[in-house]
Amino acid sequence: MATFASPASISFLSSSLFAAATAHRKTLKSAALPRPSSSKPAPRPLSVAAELATLPVLNFSGEKVGETYLDLRAAPPETARAVVHRALITDRQNKRRGTASTLTRGEVRGGGRKPYPQKKTGRARRGSQTTPLRPGGGVIFGPKPRDWSIKINRKEKQLAISTALSSSAGSMTVVEDFGDKFAAPKTRDFVEAMRRWGLDPKEKSMFLMMEVADTVQRSSRNIGTLKMLTPRTLNLFDILNADKLVLTPEAVNFLNARYGVDYQGDSEEDGDEEEGEEGGESDEN
C-alpha cells in the first residue's frame, strides 16, 4: 500500500500549514497572466481531498506489532483554516447558555422617592437611588438573556473534524485494545503504560476508544492532561488542543468509515445543525 505524508498540524497561532499555498499564490501574482475575460467565471465547487497516512500499531508493552492506515477527507489548503475555524467557533459559541442578566435602573428595587431635597443641602442633586452612578443602582448596557447559538451545515462540520484529524496524523499512535489489561484502577500503572507508548504525561493527550472500560476510566481520571473520548463525545476542540492522539484499531476503522471519502451520509444529515458536540462545559455569559 502506498504511503503519503500526512499534512502538517493545524494551528491558529502559525501559518506553517499553508506556507506552500501562500508561496504558490505569490508565484501566480508575479507571473504575467492574461487579462481575464469580461464574462463571469463559473462557481467552483468545494473540493475535498483524501489524505492517506500510515500509523504504527503498538501493543500494551509498547512494541510495534503492525501498521494501519488513516484515509480521511481533508479540505484543500486554501480553505482548510476557514472551515476548521468556523466549526470551532460554532462549537464554542453553541455551548454558551446565555443566562447572564443584570438589572436596569427601572428593574432595581427602590428609588420611588427623591433621596434628599433638591436645594439647601450642599450636595449634588439626586433624583433617584437607582441611578447607575451609585452603588446598587442599575447597570448601563449590561448583559441580558440571549440565544448565542449559530447554525453550521452538518457536512461542513464533519469536514472540519476530518481535516483536523488528518492534519494531526503525524502525532497519532495506535495502541491495541487495553481495556482488560488493568485488573484494578491505578493511576501509576496507566502513567507507566503511557511512557511505554512514547507519551509524556505532562503533555496533552487525547485517547479515542470505541468503549472505555471502567478500570481504564478510573485509572486515567486523575491525569489532568488526558482526555478520554468515545465517538459520541468526539469534538473539534479536544482534537486541536491535544499534543498527542492515541487511537485503538477499532477507532481507526470507525474514523475511516465515518470520515472517509466513501462516506455519503444519511439524508437526514443534510440539514443544519444547531447544537454543539457533547463533552464540553457551557458558559453562562
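Glu-156 is partly exposed, at 24% relative accessibility. In this predicted model, the Glu-156 side chain meets that of Arg-86 in a salt bridge, 3.1 Å from N to O. That pair links distant parts of the chain: Glu-156 sits in helix α3 and Arg-86 in helix α2 (residues 77-94), 70 residues apart. Arg-86 is partly exposed too, at 35% relative accessibility.

**The chain as a whole**
- The chain holds seven helices and eight strands.
- Of its 285 residues, 35% count as buried.
- The accessible surface is about 17,800 Å², and carbon and sulfur atoms account for 50% of it.
- Take the contacts between residues at least 6 apart in sequence: 72% of them join residues at least 24 apart.

**Salt bridges**
- The count comes to five salt bridges, including the Glu-156 and Arg-86 pair.
- Glu-67 forms one with Lys-64, with 3.1 Å between the closest N and O atoms.
- Glu-67 counts as exposed because its relative accessibility is 55%, over the 50% cut-off.
- Lys-64 is exposed as well, at 53%.
- Asp-214 pairs with Arg-218, the closest N and O atoms being 3.4 Å apart.
- Asp-214 and Arg-218 are four residues apart in helix α5 (residues 214-220), so about one helical turn separates them.
- Arg-218 is partly exposed, with a relative accessible area of 39%.

**Ser-167 in helix α3**
- Ser-167 belongs to helix α3, which covers residues 154-167.
- Ser-167 counts as buried because its relative accessibility is 4%, under the 20% cut-off.
- A polar atom of the Ser-167 side chain lies 2.8 Å from the backbone oxygen of Ala-164.

Conventions: Residues numbered from 1 in each chain as written. Predicted model: local features only at pLDDT ≥ 70, side-chain atom pairs only at ≥ 80, totals over all residues. Heavy atoms only, no water. Helix = DSSP H or I, 4+ residues; strand = E, 2+ residues; numbered from the N terminus. Buried < 20%, exposed > 50% of the residue type's maximum accessible area, 1.4 Å probe, protein only. Polar contact = N/O pair within 3.5 Å; in protein donor to acceptor, adjacent residues only side chain to side chain. Contact = heavy atoms within 4.5 Å. Areas by Shrake-Rupley, 256 points an atom, 1.4 Å probe, with all protein chains shown as cover. Salt bridge = Lys/Arg side-chain N within 4 Å of Asp/Glu carboxyl O.
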